[in-house]
Amino acid sequence: MATGQVGFIYTRQDRVDKNGKVRVGYRRDPFFSDRGASLLSASVTADAGPWLRDLADMLPKEAHKALSALGYAMQKGIRADIVRGGPDGTSWPKLSPITRTGVLDELQGRPRPRRRGRFFGQLYGPIGYFRYPLPQMRVDVGWLSASAQRLGYMVQRGANVPVTGKTRRLYAVAKRKLPLSIEIPARPLMREAYESRQAELVDLFQSKVARYVERGAEWMRNTRSNAAQRASGRSA
């Protein structure tokens, strides 16, 4: 079973009020982890070997910041895999003709999809990432609603869905016959998308940590903060 909600994601949303002043606000979305999508501490604890684990132990703040870069990279990569029809190493079956044409959407009064050939349909949007708070060194990729999580779980693993009378009547209007149930073939996504990018994610993690360390050292050299000067061995 898929795991439940693990936290909230806050997305900055600026708006301009009637006086022309920019107001800063944040949208709060619940985050539901997908057990098959966890990056396992962004390859720090399980997948990348002792060197990166030691790096995270030595530089916890820098490593923790770098996890956000991994989450964002995975979010983009998963969406790209959806568009092109599956991660490397997978072989997704083609969409059914009725899905590609969008006939059922029109019969149900839904807007005709702009990209009818896109796999996972509306699930393309509610994919997000969540960086766990310290001391955890972990970032997960998952879903921004419980319904998206349930549907994403089903689509990735495949399902046999019984056909309701209402759906059968809608298909009859479209002059299409339906069996007693619809077989949804498995289209694996999360774990496979991560595994196909594992090497580049490790490289990204290392480069981000190094960049944050460099920025910190530069700040220590240039700051006039007495505390920072004492920490660096300079006299205050």
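I shall begin with the residue and then turn to the pocket.

What you see is a predicted model, in which local features need pLDDT of at least 70 and side-chain atom pairs count only at pLDDT 80 or more, while totals for chains, interfaces and linings use all residues. Residues are numbered from 1 along each chain as its sequence is written, and side-chain values use heavy atoms, with hydrogens and water left out.

Glu183 belongs to strand S6, residues 181-184; strands are DSSP runs of E of at least two residues, helices are runs of H or I of at least four, and both are numbered from the N terminus. Is Glu183 buried or exposed? Glu183 counts as exposed because its relative accessibility is 54%, the cut-off for exposed being over 50% with a 1.4 Å probe and protein chains only.

Setting aside neighbours within four places in sequence, Glu183 is in contact (heavy atoms within 4.5 Å) with Ala159 and Asn160. With Asn160, the link is a side-chain to side-chain polar contact of 2.6 Å; such a contact is a pair of N or O atoms within 3.5 Å, and within protein one must be able to donate a hydrogen and the other to accept it, with residues adjacent in sequence counting only if both atoms are side-chain atoms. Gly158, 25 residues away in sequence, has its C-alpha 7.7 Å from that of Glu183.

I turn now to the second largest pocket. Strand S3 gives the most to its lining, with 4 residues.

Thank you.

Definitions and conventions:
Buried < 20%, exposed > 50% of the residue type's maximum accessible area, 1.4 Å probe, protein only.
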